Amino acid sequence: MASRLSSLLDFKTISQAQIESLFLFAESLRQKNRSPRGNGEAIILAFFEPSTRTRLSFEMACQRAGVGPILFDGGMKTSLEKGETIEDSILNMAAMSPAALVIRSPDQVDLHKIVADIPVPVINAGWGSKGHPTQALLDLFTVKSKLNSLAGKNILIVGDVKHSRVANSHLELAKKLEIHLGQCGPQGFLAPEEAIHTFPSLQEGLRWADVVMALRFQFERHEAGAQFSKIEYKNEFGLNAISLKSLKKTGLILHPGPINHGIELETEILSDPRCCVLEQVHNGVFVREAIVRILLGETP
Ligand code: CP
């Protein structure tokens with residue numbers, strides 16, 4: 001890597017060369033185990049919002065790297081119940097000198113301030129609707145593995161782009177990697193971003209795309225009454241055997257999970273040979289292992 005990563009909150013300070021090096025490292029970890037570090041290091045996984053894939057794959061990644069993962073589950077009995085703030089909780093975790101902190105938190109937490117205040121590397125594991133950089137990296141690692149390259153590829157993001165931290169990270173990353181992003185979805189769900197082309201219909205977007213990524217309809221991030229009807233959404237933007245006839249045979253179908261079956265994606269699509277949903281999850285372990293090892297000072 002050109003220069004060492006100190007934390008990973010977003011893609012502002014990571015170069016294209018560093019991303020390519022990270023992908024090569026993840027590929028080598030996927031092909032062949034690297035020795036565990038065995039330095040008695042520990043990483044605290046602090047999850048203040050629910051997670052299955054990110055949390056477990058970071059636990060797997062830490063185990064593979066020989067770094068003890070210690071889980072702080074913000075939903076369980078902790079001093080949060082006594083009124084301790086998330087920020088104070090994180091400062092106290094950092095005071096225990098873990099090798100790094102992996103944090104999933106709501107938007108209100110200022111992770112940039114926390115990184116400035118503590119001497120411990122921080123990895124953003126999903127930050128409200130702001131960003132989810134490790135998910136975007138594992139998505140693109142999967143695309144690169146399947147299509148051999150990323151530059152010039154057309155990726156269509158379907159659905160709730162505006163509220164999606166995954167989409168926000170892709171908007172940031174696409175600029176660095178010369179990827180063309182398109183979006184389609186209900187009015188009010190679309191990103192105002194100039195860097196993303198908006199398609200008036202799913203069919204037009206699918207005809208253009210090398211990759212389609214369906215996003216989860218995030219019911220919990222919508223104010224009551226502002227929801228697009230689920231039936232209308234499914235009929236207009238749902239990925240199913242009929243709509244996906246417009247996607248090329250070599251196209252890829254992604255979804256970051258969790259899936260609302262029968263809304264943004266019909267269950268039958270999970271067995272479409274173009275679907276990479278579980279491959280994304282598989283690859284997430286190696287991409288996160290590479291990130292952990294790099295942040296702890298290893299060279300790919
Ligand atoms: N894609 C993703 O972040 O899934 P989890 O919320 O289960 O971690």
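Helices (H or I, at least four residues) and strands (E, at least two) are DSSP runs, numbered from the N terminus. This is a predicted model, in which local features need pLDDT of at least 70, side-chain atom pairs count only at pLDDT 80 or more, and totals for chains, interfaces and linings use all residues. Residues are numbered from 1 along each chain as its sequence is written, and side-chain values use heavy atoms, with hydrogens and water left out.

**Stop 1: the ligand**

The selection gives S51, T52, R53, T54, R104, H132, Q135, P256 and G257. Now show the polar contacts (pairs of N or O atoms within 3.5 Å). A ligand oxygen lies 2.7 Å from a side-chain N or O atom of S51, and for R53 the corresponding distance is 3.0 Å. At R104, a polar side-chain atom is 2.8 Å from an oxygen of the ligand. On its own the ligand has 260 Å² of accessible area, of which the protein covers 93% (Shrake-Rupley method, 1.4 Å probe).

**Stop 2: the largest pocket**

Keep the ligand in view: it sits in the largest pocket, with more than half of its atoms within 2 Å of the grid points. On a 1 Å grid over the protein atoms alone, a pocket is an open set with protein on both sides within 12 Å along at least five of seven lines, a cavity is a set of points where a 1.4 Å probe fits but cannot get out, and lining residues have an atom within 4 Å of a point. The pocket volume is about 400 Å³. Of its 20 lining residues, R104, R165, R216, G257 and P258 are the closest to the centre. Colour α2 (53-65) and α6 (165-177) next; each supplies at least two residues of this lining.

**Stop 3**

Zoom in on G257 and P258: the peptide bond between them is cis, with omega near -5°. P258 belongs to the loop between β9 (252-254) and α9 (277-295).

**Stop 4: the cavity**

How many cavities of 30 Å³ or more are there? The count is one. The largest cavity has a volume of about 70 Å³. Select R53, S57, Q135, L138, H255, P256, V277, Q280, V281, G284 and R288 to show its lining. Here α9 gives the most, with five residues, while α2, α5 and α9 each supply at least two.

**Stop 5: N148**

Finish at N148, in the loop between α5 (133-147) and β5 (154-158). Its phi is near 75°, a positive value in a residue other than glycine.

Key. Near = heavy atom within 4 Å. Polar contact = N/O pair within 3.5 Å; in protein donor to acceptor, adjacent residues only side chain to side chain. Points joined across faces, edges and corners; volume = space filled by probe spheres on them.
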